[in-house]
Amino acid sequence: KKRKEKKKRKWSHKGGDILASVLAVGAYTYAGRGAGGAAEVAACKHFCEENGLNYVVMERIQKMRRHLAKLATTRLGSAEGVAATTGGILVSMPPPNKLQENLLAQTIAAGLLDNIARRSPPGAILDDGPRTRYFSCSSKMTEPLFIDQSSVLYSRDSRQLPEWVCYDTSERKSTKDGSTIMVMKNVTPVDPEWLGALADGSNLLSMGVPLDTPLPSYNKERDAVMCSVTTKFGDHGWLIPSRQVVMYDAVNGPGAQGSAFLADDSFRWFARFLLEGKVLKELQGLAAMLNDDPAIISRRKPVQKVALLVSSLASAGIDSAAALQKHWAEKDSKFLFKHMKSWTKKDRADEVKHMWVQSVKANVQKWRAGRQ
């Protein structure tokens with residue numbers, strides 16, 4: 001029995017039970033080499049005996065893989081990969097690299113968001129002997145959960161256990177003293193950094209107060225000023241790393257109460273990023289021609305030229321490049337230009353004027369081209 005357990009431990013993986021299974025399946029496939037017939041069966045059976053695997057289970061997995069590969073040719077014909085193009089599986093597929101393992105773990109977690117569990121904090125509750133308690137993110141699961149002893153992640157030392165995990169199923173199991181506990185099967189460690197993105201749009205995720213650190217930023221892909229907000233996961237409201245959200249929505253939403261930000265701060269930060277050249281590429285280099293660092297805009301100091309600039313943007317409802325382009329194209333091509341005089345170094349006035357005018361022309365053209 002000990003020898004058999006030692007063989008099974010060959011398939012351990014710090015990424016959890018499913019990734020450990022991936023290694024075993026890949027090695028099993030390679031052992032058969034796709035020879036077919038009695039030769040492949042004999043090779044696979046011998047491999048299972050030597051490595052503590054169940055031949056019947058492994059062969060069922062192979063049949064399922066082949067079936068899924070055939071489905072891939074009809075459902076994913078335009079995708080790349082062996083399964084989608086040939087309808088078969090590779091017998092010499094290398095183990096997943098670190099990036100692929102990370103993506104696989106995130107994929108597993110994304111499919112098991114209702115089955116996320118968190119380790120009991122040290123001292124919060126007495127552990128049951130060598131076992132460390134976990135608690136489900138769902139209020140429907142009221143009793144503690146434990147990592148099954150058959151899991152590659154199991155350890156008597158709680159310090160060796162991941163704080164966050166996801167699991168496929170849970171089942172009741174008897175202990176030596178006759179009592180029963182709920183154990184998690186097919187356990188995968190979870191990085192809480194993933195949860196905000198994976199659970200986006202679900203009821204498991206709730207956003208709270210906008211945070212003043214890290215500082216807001218401009219996201220070019222989303223064309224929005226972004227800020228971080230307190231983020232909670234699950235029915236128990238577990239704090240997870242903060243998420244970046246659109247700043248205007250955050251500071252004007254129900255969670256803004258108690259925030260260090262004001263309702264017009266998305267326009268304030270947009271003004272800063274605009275003058276820093278982070279919003280429009282045509283204005284890159286503008287900051288060097290200004291008589292003040294644009295960073296003073298976000299410091300809320302009582303400076304008249306700052307107040308006028310922010311007020312103009314807020315009144316027009318402009319805190320994105322698209323909104324600014326539209327305003328220039330449809331309402332006022334000279335919008336904000338008069339404010340630039342008080343921001344410009346006297347000896348750079350002509351350069352600033354030329355840069356600004358050319359920027360407006362280029363962005364008006366972009367707006368009109370996008371409308372066609």
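Buried means under 20% relative accessible area, exposed over 50%, and partly exposed in between (1.4 Å probe, protein chains only). The model is predicted, so local features need pLDDT of at least 70 and side-chain atom pairs count only at pLDDT 80 or more, whereas totals for chains, interfaces and linings use all residues. Residues are numbered from 1 along each chain as its sequence is written, and side-chain values use heavy atoms, with hydrogens and water left out.

**Exercise 1. Check the length of helix 3 and find which of its residues are buried and which are exposed.**

Step 1. Helices (H or I, at least four residues) and strands (E, at least two) are DSSP runs, numbered from the N terminus. Helix 3 covers residues 37-51, which is 15 residues.

Step 2. The expected span of a helix is 1.5 Å times one less than its number of residues.

Step 3. The buried residues of helix 3 are Glu40, Cys44, Phe47, Cys48 and Asn51. They cover an arc of only 100° around the axis, so they sit on the same side of helix 3. The arc is that of the directions from the helix axis to the C-beta atoms.

Step 4. Ala38, Ala39 and Glu49 are exposed on the other side of helix 3.

Step 5. After helix 3 comes Gly52, with a positive phi near 65°.

**Exercise 2. Which parts of the chain are linked by the aromatic pairs Tyr248 with Phe267 and Trp328 with Trp356?**

Step 1. Rings of Phe, Tyr and Trp (its six-membered ring) pair if their centres lie within 6.5 Å; planes under 30 degrees apart count as stacked, over 60 as edge-to-face and the rest as tilted. A search of the whole structure finds four such pairs.

Step 2. Tyr248 and Phe267 are edge-to-face, at 5.9 Å centre to centre and 70° between the planes. This pair links distant parts of the chain, with Tyr248 in helix 8 (residues 247-251) and Phe267 in helix 9 (residues 265-275), 19 residues apart. Tyr248 is partly exposed at 38% relative accessibility, while Phe267 is buried at 7%.

Step 3. Trp328 and Trp356 also form an edge-to-face pair, with 5.9 Å centre to centre and 80° between the planes. Here the link runs from helix 11 (residues 321-330), which holds Trp328, to helix 12 (residues 349-371), which holds Trp356, 28 residues apart. Both Trp328 and Trp356 are buried.

**Exercise 3. Trace the salt bridges of Asp265 and name the network that contains this residue.**

Step 1. Side chains of opposite charge can pair when their charged atoms come close. A salt bridge is a side-chain nitrogen of Lys or Arg within 4 Å of a carboxyl oxygen of Asp or Glu. By this rule the count comes to 17 salt bridges.

Step 2. Asp265 forms one with Arg268, whose closest N and O atoms are 3.3 Å apart. Both residues lie in helix 9, three residues apart, about one turn of the helix. Asp265 and Arg268 are both buried.

Step 3. Asp265 also meets Arg300 in a salt bridge (2.6 Å, N to O). This pair links distant parts of the chain: Arg300 is in the loop between helix 9 and helix 10 (304-316), Asp265 is in helix 9, and they are 35 residues apart.

Step 4. Asp265 counts as buried, at 1% relative accessibility. Salt bridges that share partners join Asp264, Asp265, Arg268 and Arg300 into one network.

**Exercise 4. Where are the cis peptide bond and the positive phi values of Arg300 and Leu336 found?**

Step 1. Most residues other than glycine have a negative phi, and most peptide bonds are trans.

Step 2. Thr213 and Pro214 are joined by a cis peptide bond, with omega about -5°. Pro214 lies in the loop between strand 6 (205-210) and strand 7 (217-219).

Step 3. Arg300 is not a glycine, yet has a positive phi of about 60°. Arg300 belongs to the loop between helix 9 and helix 10 and is partly exposed, with a relative accessible area of 36%.

Step 4. Leu336, likewise not a glycine, has a positive phi of about 80°. Leu336 is in the loop between helix 11 and helix 12 and counts as buried, at 3% relative accessibility.
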